[in-house]
Amino acid sequence: MNAAAEKVALEHEAARIFMRHYEQRFGIKMRHIWHNEPRRPDVSCYYDSQRLDLEIAHLYGSEAEAMHILGRELSQQTHQELLALLRLPVEQRMLEALNRIICNKAQKYYDSQRVWLVIRNANPLWRREDMLAHCDKLHLPKQHPFEQIWVVGDMLGISGILPLFPLTLLHAEATLC
């Protein structure tokens with residue numbers, strides 16, 4: 001599979017996992033995924049019969065970790081980068097990576113009426129619970145195009161989903177734990 005096809009497949013899988021968890025949790029139907037062209041968010045669906053666009057991102061931690069997680073051939077330099085990362089506190093790496101994704105996506109313009117950001121965690125060192133424990137340290141930009149921001153806690157969605165924005169959803173989540 002080429003890189004573009006792999007990216008689309010990963011985005012669709014992330015959207016399906018998120019939609020399934022969201023439906024189970026809130027009882028609101030989310031259906032019919034289709035992929036969009038540039039200038040629009042990655043995936044569109046119907047949210048209770050209204051169109052909703054989802055911008056999908058994957059949280060790896062670093063480019064070296066992404067290569068390792070995706071099973072790419074690693075150079076000696078990449079191996080060295082991975083070893084150096086192990087010296088940093090896990091929660092620091094997680095927060096930096098999460099903040100980097102949110103800031104990068106917040107700077108984009110989307111040709112969409114409603115767009116949510118869905119970040120699927122691909123790093124096996126982190127789980128939804130880790131993010132919830134440290135989400136008070138996230139730096140959400142004051143201006144961004146997202147109606148909501150969600151995290152899928154792991155690649156398979158086993159640990160569930162976590163709302164990061166709006167803050168009312170996040171605070172409600174924190175009281176449940």
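These legends accompany close-up views of a predicted model.

**View 1. The largest nonpolar core.** This core has 23 residues, and Leu59, Leu98, Ile119, Met131 and Leu164 touch the most other members. Two or more residues each come from strand 3 (50-59), helix 4 (90-106), strand 4 (115-121), helix 5 (128-134), strand 5 (148-152) and strand 6 (161-165). Helix 4 contributes the most, with 6 residues.

**View 2. The surroundings of leucine 98.** Neighbours within four places in sequence are left aside here. Leucine 98 is then in contact with Leu59, Ile119, Met131, Leu138, Val151 and Leu164.

**View 3. The salt bridge of glutamate 23 and arginine 31.** The model has 9 salt bridges. In this one, the side chains of glutamate 23 and arginine 31 meet at 2.1 Å, N to O. Arginine 31 has a relative accessible area of 38% and is partly exposed.

**View 4. The salt bridge of aspartate 53 and arginine 51.** The closest N and O atoms of this pair are 3.3 Å apart. Aspartate 53 has a relative accessible area of 2%, so it counts as buried, while arginine 51, at 37%, is partly exposed.

**View 5. The salt bridge of arginine 128 and glutamate 129.** Here the closest N and O atoms are 4.0 Å apart. Arginine 128 is buried, at 9% relative accessible area, whereas glutamate 129 is partly exposed, at 45%.

Terms used:
Residues are numbered from 1 along each chain as its sequence is written. This is a predicted model: local features need pLDDT of at least 70, side-chain atom pairs count only at pLDDT 80 or more; totals for chains, interfaces and linings use all residues. Side-chain values use heavy atoms; hydrogens and water are left out. A nonpolar core is a set of buried Ala, Val, Leu, Ile, Met, Phe, Trp, Tyr and Cys residues joined through side-chain atoms within 4.5 Å. Buried means under 20% relative accessible area, exposed over 50%, partly exposed in between (1.4 Å probe, protein chains only). Helices (H or I, at least four residues) and strands (E, at least two) are DSSP runs, numbered from the N terminus. Contact means heavy atoms within 4.5 Å.
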